[in-house]
Amino acid sequence: MADPIRHHRHHDPTPGVIPVPHGPETGDEHGHYPPEGDADQRAIFQYLTHPDDSYTPEGTYWADLPLRQRIAFVNKTQNEEALSELKSIGQMMKKDPLSPLSWYFRNAVLPGAGLGLEGYVLFSIGNLEPLFAAAWPQCWGKDRTECSSNWVASVTYLEVIGIMVGQMAVGVIGDWIGRRWGLIQDAAIMFVGLLMITASWGLNLNGWVICYAWSLFFYGFGVGGEYPITATSSMENAVAAGKLSTREDRLHRGRKVTMAFLMQGWGQLINQALLIILLLIFHHGDGNPPYGVATVQWTFRVSFAIPAIGTLWLVYYRTYKMPHASRQLAAAKKKSNVTGYDVDSLKMTCTHFGGRLLATAGGWFANDVFFYGNKLFQSQFIKVISSNSNSVMTIWIWNLINVIVSLAGYYLASILIDNKLYGRKLMQQVGFLMCFIMFVVPAFNYEYYTSPAGIKAFQAMYFLSSFFNQFGPNSVTFLVAGEVFPTPIRASAHGFSACIGKAGALLASVLYNYIDTQTKFYVVPWFGLAGMLVTWLWLPDTTGLDLKEQERRWTYIRAGKGDDYHGIAIHPTHLSLWERLRGVGKNYNTERDLEQKIEDMREEWAGKERLRRQRETGGDPAGLEDLDDHEWNEEVHKYFRDTTHGDMLKPRAGESSASSSPNSEKVRASGSTAVQTPRLSEKSPAQLSSSTQSSSGSP
């Protein structure tokens, strides 16, 4: 059967941007309803409401199938998709053997450039500490004589706090001012921060440590902003606006995000490899101690100067090559008559999705404790298995091996994160469980596992904890923190979750300064168990869920009619245990939902027709282009014209005011934007998506 959907022209994704939850934008994120043709009207609606990658030919949703049939359906769909992709790769290689690498570079490397730079720099901070301790033991060693212990410890604290402040602040900016400003601001701050780190100096060693710490705080603010600002761009995605999503988005949404997100791992790998090369260059080809001060100065300053070049390019690209980055966000706000920050959506999100916020923030918190805790293994087994454990080069080589193991976890996560039989939630739970096991086993038999007899098993647990941290919570938390929330508040929710996550990193960095290594092993495992339980209880599984439906449900909630929604967004499979216990899924009804979908489209069509007639009658052609119905063909228009009651097309009280014309004057009240709107009872949820948000607050 020929594909009746009209697709957009495929294009390369934007460098340095990972829109969450749909992944780098390539034109494949949404399609339009079929063009004019002879297809039966009912067949058109059936195809639009029941895509064949989610529904059986009989119209049964994949999650409603019995287990055996569900497995068969999912495997069949994914095998067909895998075969199709392999054929596409084969065709690409026939034309150009290197074209798959070129595709990967454009679709994963460039979009993940910002997080790659972040992984490079932040990983470098920890890598350089043993080198600093070897060169300046009076400052970075255990027995400090020249530097304040508090200021040395604050290097890590201020870095993490800077990231937390950036995540919260830029999360709000992304939902308030727009994406373009946030993107440029982040890149500019990171560039200046790298210059500050590279040129950090002081009248004495303690003065240099203070300068170095505050430079990391400044850089951290920009890094923190990279997390939520990528989520902001999903507001501009047409799927979020309710248009027809594509098979590509439904089947590979998670993979597109994680393929770009894993550039964080490549940043860590490149940093470690480059530090090894730089040390060999400036230490006359020898990586063993003692290390001269000049060697250390050149190594660390050049290692920060190199990413500054890439960050400067990012500033240029975002400033001059992305002039319309906020255009769609501005159009969405204009359509909903909201200026500034949507306070009402924030309140409603906390009310209806508070459990999800607890899951994303709590899961990220537990994950970051593990992420920092992983290094507990390394120093212990290096002492036992290495004949030169005091060499910085030895530590770095083991770091390099660990990063490679982590990258394997990143890639496996990107392969399975969209698998409906495994997916996001199970992946995060298994990852937390495995990390718990890898830490709790040596905790209660520490002496054996750190002895020559058990050191190999200890080392294996170190690598397994790294693997399952990436093939689990580290990959999943970044995606779901943007995926499980409605569009208007997505960046803020993502930023808040990431901020709480970094609080876990801050807790670990502070706590580890005051307890011995075995006690650390006693403490850390329970965060894995807590993360698994939080995920099990409060995190919904969005694997296989068409996010168009989640936005449609939000329209009903925003209208105060959440109980009237009956679609797949409240299917038990896509709800958390907490939501199911609260009865959120009790209204799931496929038959009523099918009727609602058509009626929602009718309401939207009627609303546009009313506004079109009012503007044409009033001689005001401005804004008519906003009412173009590219998503509907003439058959759909005819169906609605023939079956819609005339009363639905009559002007309604209030629609002739601000909501009917983009040029109308809005009435501004203190802290909010007041717009005349029809009474709630007069409008359906589909109509309310473009009117009730006018009451949202605007700081």
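Residues are described here as buried when their relative accessible area is under 20%, as exposed when it is over 50%, and as partly exposed in between, with a 1.4 Å probe and protein chains only. The model is a predicted one, in which local features need pLDDT of at least 70 and side-chain atom pairs count only at pLDDT 80 or more, whereas totals for chains, interfaces and linings use all residues. Residues are numbered from 1 along each chain as its sequence is written, and side-chain values use heavy atoms, with hydrogens and water left out.

By the accessibility criterion, Gln470 is buried, because its relative accessible area is 4%. Gln470 belongs to helix H19, which spans residues 455-483; helices (H or I, at least four residues) and strands (E, at least two) are DSSP runs, numbered from the N terminus. Leaving aside residues up to four places away in sequence, Gln470 touches Phe371, Ser406, Gly409, Tyr410, Ala413 and Ser475, a contact being defined by heavy atoms within 4.5 Å.

Rings of Phe, Tyr and Trp (for Trp, its six-membered ring) are paired if their centres lie within 6.5 Å, and planes under 30 degrees apart count as stacked, over 60 as edge-to-face and the rest as tilted. A search of the whole structure finds 37 such aromatic pairs. In one of these, Phe458 and Phe521 are tilted, at 5.9 Å centre to centre and with 50 degrees between the planes. Because Phe458 lies in helix H19 and Phe521 in helix H21 (residues 517-523), this pair ties together parts that are 63 residues apart in sequence. Phe458 counts as buried at 0% relative accessibility, and Phe521 likewise counts as buried at 0%. Tyr462 and Phe463 form a tilted pair with 5.0 Å centre to centre and 45 degrees between the planes, and both Tyr462 and Phe463 are buried. Elsewhere, one aromatic cluster is formed by Phe132, Trp136, Trp140, Trp208, Tyr212, Phe300 and Phe304. Lys420 lies over the face of Trp62, at 5.7 Å from the ring centre; a charge is taken to sit over a ring if NZ of Lys or CZ of Arg is within 6 Å of the ring centre and within 35 degrees of the ring normal.

The structure holds one disulfide, identified as a pair of cysteine sulfur atoms within 2.5 Å. This disulfide joins Cys139 to Cys147, with an S to S distance of 1.9 Å, and it is left-handed because the torsion about the S-S bond is about -100 degrees. Cys139 is buried at 0% relative accessibility, as is Cys147 at 7%. Cys435 is also buried, at 1% relative accessibility, and Cys499 is buried with a relative accessible area of 10%.

The axes of helix H23 (residues 547-558) and helix H25 (residues 590-617) come within 13 Å and cross at roughly 80 degrees, so H23 is roughly perpendicular to H25. Axes are lines fitted to C-alpha atoms, for helices over the stretch in contact, and angles run from 0 to 180 degrees between N-to-C directions; angles under 35 degrees count as roughly parallel, over 145 as roughly antiparallel, 65 to 115 as roughly perpendicular and the rest as oblique. Glu549, Arg552 and Tyr556 in H23 meet Asp593, Gln596, Lys597 and Asp600 in H25.
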